[in-house]
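Subject: Structure handover

Hello,

Here is the structure for you to look over. My notes follow below it.

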Amino acid sequence: MEIQKAIKKKTLYDYQEEDLTKIFEKIHELPPGTNILYQLPTGGGKTVVFSEIARKYIQETGKKVVVLTHRIELSGQTSNMLHGFGVANKIINSDVKELYDQNDYMCFVAMVETLNNRLQEEKVQINNIGLVIIDEAHYNSFRKLFKYFEEANILGVTATPLSSNIKLPMKDHYKHLIIGKSIKSLIENRFLAKANLYNYDVSLRTLKIGINGDYTVKSSDEFYGNQSMLGKLVSAYEELAKGTKTLIFNNGISTSLYVHETFKKAGYNIRHLDNKNTASERKEILDWFANTDDAILTSVSILTTGFDEPTVESIILNRATRSLTLYFQMIGRGSRVLPNKDEFNVIDMGNNVARFGPWDSPVDWQEIFHFPDFYLENIKNDEDIEREFVYEMPDELKAKFSKSKNIHFDVKAEYKKVFAQGLKSKLVLERSIEQHAQICVENSVDVFDARILAKELKEEIAYRVRQYSYCIMNNTKNYKEWLEEDYERKLRSSISRKFAAMM
């Protein structure tokens, strides 16, 4: 048997050995045909663990192992890792039409679609299979193959044991979940880098949720492709990540191309990558990224799995997502440690940290696995997230109001005061308009100057109107838009009256 001749070159860390022991205990105590799920964070070394599982399983049982992946790149990486553990293996790819040499191998690596086609054609039949390992098991495409391996144990491996489809929960196909070390523990023991999280409050009112439960590409492209958001993105990069090797994740190709164009015009070293690039183009771009210190790579979700570039220093989430899996995958791309790297930046432009919590915060994976409906139904919605926003006037704008003693106005506190006095709630906005008009007049030489200054308060006006609408529990989009227009009109009138009174 070839595996016995090979020399084992790779070793496991202590925590990986612990997980290995737990997994084999379950395999030994459970009957054939039982499916097990193993969770370990991105960057924790799932491929390393299951490669050693394959080696040990073949050695102990004399039965064959099949490893399934969902992408062609992952098949090659997995095969190489298995070889590193001394496991001779064969990749079943599109070039393999029949399997004449199956007796020469104890391990096979296959992409799910390719193997499914060969099994349906009945041209490939692998004998004596004892264990099937499924990488990135949260993808639903693997389920179609389960019927071919009913006598084997199936071990699913994932960082997030939560199905991408609410109607197909993972608990229906896996009977036991084994939890690996937490992200926090891996950071404390220097197996993962620490994430410095920076989040920008973004109003996602225009985003629409599609049938898959996540934001649609079309509405995301419209929102993140506008000049205002592109400007915010560049400012965020310049403030927090300038000069670092940066990976930008977008929801749509159009957005990524706009990002590329915007950064290019600003003089930054940036490339764009999406699934339309050829294999050679992809290789050239990724080689450039690996070897360029200040490189910026903007892409869509193509780099969330099967991409490992330890030198990434900054991750920018230039998108919103309601997928916990995608959230962890994107941030995980920056989490590899190096001798000179033990932390990295995460810049969130989609309220994702507010939606899911900090990347390294504890997650009860057992509860999510057993009660996925409850978890998915209780993900924070955008309206609740926006209620917690606190507007901070940018320093550049603040400087334009330097002649005013107080530029702040607390809408909620004012509403409580007005409500306690039994007065009409609209008095809150009237007082807010008065305060805005006052600071515009105090910092301007004439009415025209003051009106120009008032236009720069657009974001703060939207924030105050939003706070007011929450107070009176009328938070419809049309009502808030009408209030903002009315506010701006009354602010212009108030400015004019104040200057007229000074004549």
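Start with a pair of helices. In H8, Leu230, Leu233, Val234 and Tyr237 meet Tyr258, Val259, Thr262 and Phe263 of H9. Contact here means heavy atoms within 4.5 Å. By class, the residues of this contact are seven nonpolar, one polar and no charged. Ala, Val, Leu, Ile, Met, Phe, Trp, Tyr, Cys and Pro count as nonpolar; Asp, Glu, Lys and Arg count as charged; the others, Gly among them, count as polar.

The model is predicted: local features need pLDDT of at least 70, side-chain atom pairs count only at pLDDT 80 or more, and totals for chains, interfaces and linings use all residues. Residues are numbered from 1 along each chain as its sequence is written, and side-chain values use heavy atoms, with hydrogens and water left out.

Now the geometry of that pair. H8 covers residues 227–240 and H9 covers residues 253–265. Their axes come within 10 Å and cross at roughly 55 degrees. Axes are lines fitted to C-alpha atoms, for helices over the stretch in contact, and angles run from 0 to 180 degrees between N-to-C directions. H8 and H9 are therefore oblique to each other. For reference, angles under 35 degrees count as roughly parallel, over 145 as roughly antiparallel, 65 to 115 as roughly perpendicular, and the rest as oblique. The crossing of H8 and H9 is right-handed, a term for the near helix being turned clockwise from the far one by less than a right angle.

Next, a second pair. Helix H20 (residues 458–471) packs on helix H21 (residues 477–502) at about 125 degrees, with the axes 10 Å apart. That makes H20 oblique to H21. H20 also passes H21 in a right-handed crossing. Among the residues in this contact are Ile461, Ala462 and Val465 of H20, and Leu483, Tyr487 and Leu491 of H21. The class count for H20 with H21 is eight nonpolar, one polar and six charged residues.

- Tyr268 sits in the loop between H9 and strand E10 (270–273). Tyr268 counts as buried, at 13% relative accessibility. Buried means under 20% relative accessible area, exposed over 50%, partly exposed in between (1.4 Å probe, protein chains only). Neighbours within four places in sequence aside, Tyr268 is in contact with Tyr237, Glu238, Lys242, Phe263 and Ile296. Its C-alpha atom is 39 Å from that of Asn93, 175 residues apart along the chain.
- Ser314 is in strand E12 (residues 314–317). Ser314 is buried, at 0% relative accessibility. Not counting residues up to four places away in sequence, Ser314 touches Ala241, Thr244, Lys245, Thr246, Leu247 and Asn345.
- Gln125 lies in the loop between helix H5 (112–121) and strand E5 (129–135). Gln125 is exposed, with a relative accessible area of 58%.

Finally, the whole chain. The protein chain has 21 helices and 13 strands. These are DSSP runs numbered from the N terminus: helices are H or I of at least four residues, strands are E of at least two. The C-alpha trace spans about 100 × 50 × 45 Å along its principal axes. Of the 503 residues, 52% are buried.

Best wishes
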